[in-house]
Amino acid sequence: GSSGGTSFSDVLKKSIDEVSRLQQDASKAVEDLATGRTDNVSGVMSAVEKSDLAFKMLLAIRAKLMDAYEEIKSIQV
């Protein structure tokens, strides 16, 4: 329900959007390094690592949600 606060689905959508943005930033950084537009290797590695960590965290959240869903499914009413 909505009681003026942020819903779980809104938080989840924001998280997915943020992971997508980080992945796009990392891809752009790698492209810039490959084409010679930048020589900041540590900045590129940082962007790639941030993207990777955010994606892994999103996968972990998904796994926990699936576990919770399976547990709720198995509850006898």
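View 1. M57 sits in helix α2, where helices (H or I, at least four residues) and strands (E, at least two) are DSSP runs numbered from the N terminus. This is a predicted model, so local features need pLDDT of at least 70 and side-chain atom pairs count only at pLDDT 80 or more, while totals for chains, interfaces and linings use all residues. Residues are numbered from 1 along each chain as its sequence is written, and side-chain values use heavy atoms, with hydrogens and water left out. With a relative accessible area of 55%, M57 is exposed; here buried means under 20% relative accessible area, exposed over 50%, and partly exposed in between (1.4 Å probe, protein chains only). F8, M57, I61 and L65 make up a nonpolar patch on the surface, and together they have about 390 Å² of accessible area. Patches are built from residues with over 30% relative accessible area and no salt bridge, joining like charges within 9 Å and nonpolar side chains (Val, Leu, Ile, Met, Phe, Trp, Tyr) within 5 Å. The areas come from the Shrake-Rupley method with a 1.4 Å probe, and for residues only the protein chains shown count as cover. Helix α2 (residues 41-74) is the biggest giver to the nonpolar patch, with three residues.

**View 2. S51 and the buried side of α2.** Zoom in on S51, also placed in helix α2. S51 counts as buried because its relative accessible area is 8%. Which residues does S51 touch, not counting residues up to four places away in sequence? They are L22, Q23 and A26, with contact meaning heavy atoms within 4.5 Å. An α-helix has 3.6 residues a turn, so residues three or four places apart point the same way.

View 3. Q24 belongs to helix α1. Is Q24 buried or exposed? Q24 is exposed, as its relative accessible area is 53%. Q24 and A47 are 23 residues apart along the chain, and their C-alpha atoms are separated by 9.6 Å.

View 4. D32 lies in helix α1 (residues 8-35). At a relative accessible area of 17%, D32 is buried. Leaving out residues up to four places away in sequence, D32 touches R37 and T38. A network of salt bridges links K28, E31, D32 and R37; a salt bridge is a side-chain nitrogen of Lys or Arg within 4 Å of a carboxyl oxygen of Asp or Glu. One of these pairs is R37 with E31, whose closest N and O atoms are 3.3 Å apart. R37 counts as exposed, at 53% relative accessibility, whereas E31 is partly exposed at 41%.

**View 5. Two salt bridges along the helices.** In helix α1, R21 and D25 are four residues apart, about one turn of the helix. Their salt bridge brings the closest N and O atoms to 2.6 Å. R21 is partly exposed, with a relative accessible area of 37%, and D25 is also partly exposed at 37%. Over in helix α2, K56 and D52 are likewise four residues apart. K56 forms a salt bridge with D52, and the closest N and O atoms are 3.2 Å apart. D52 is partly exposed, with a relative accessible area of 31%. By this rule, the count comes to seven salt bridges.

**View 6. Stepping back to the chain.** Two helices and zero strands make up the secondary structure found here. Along its principal axes, the C-alpha trace spans about 60 × 30 × 15 Å. The radius of gyration of the chain is 18 Å, but a compact globule of 77 residues would be near 11 Å. That radius is taken over C-alpha atoms, and the globule rule is 2.2 Å times the number of residues to the power 0.38. Of the 77 residues, 13% count as buried. The chain exposes about 6,300 Å², with carbon and sulfur atoms supplying 59% of it.
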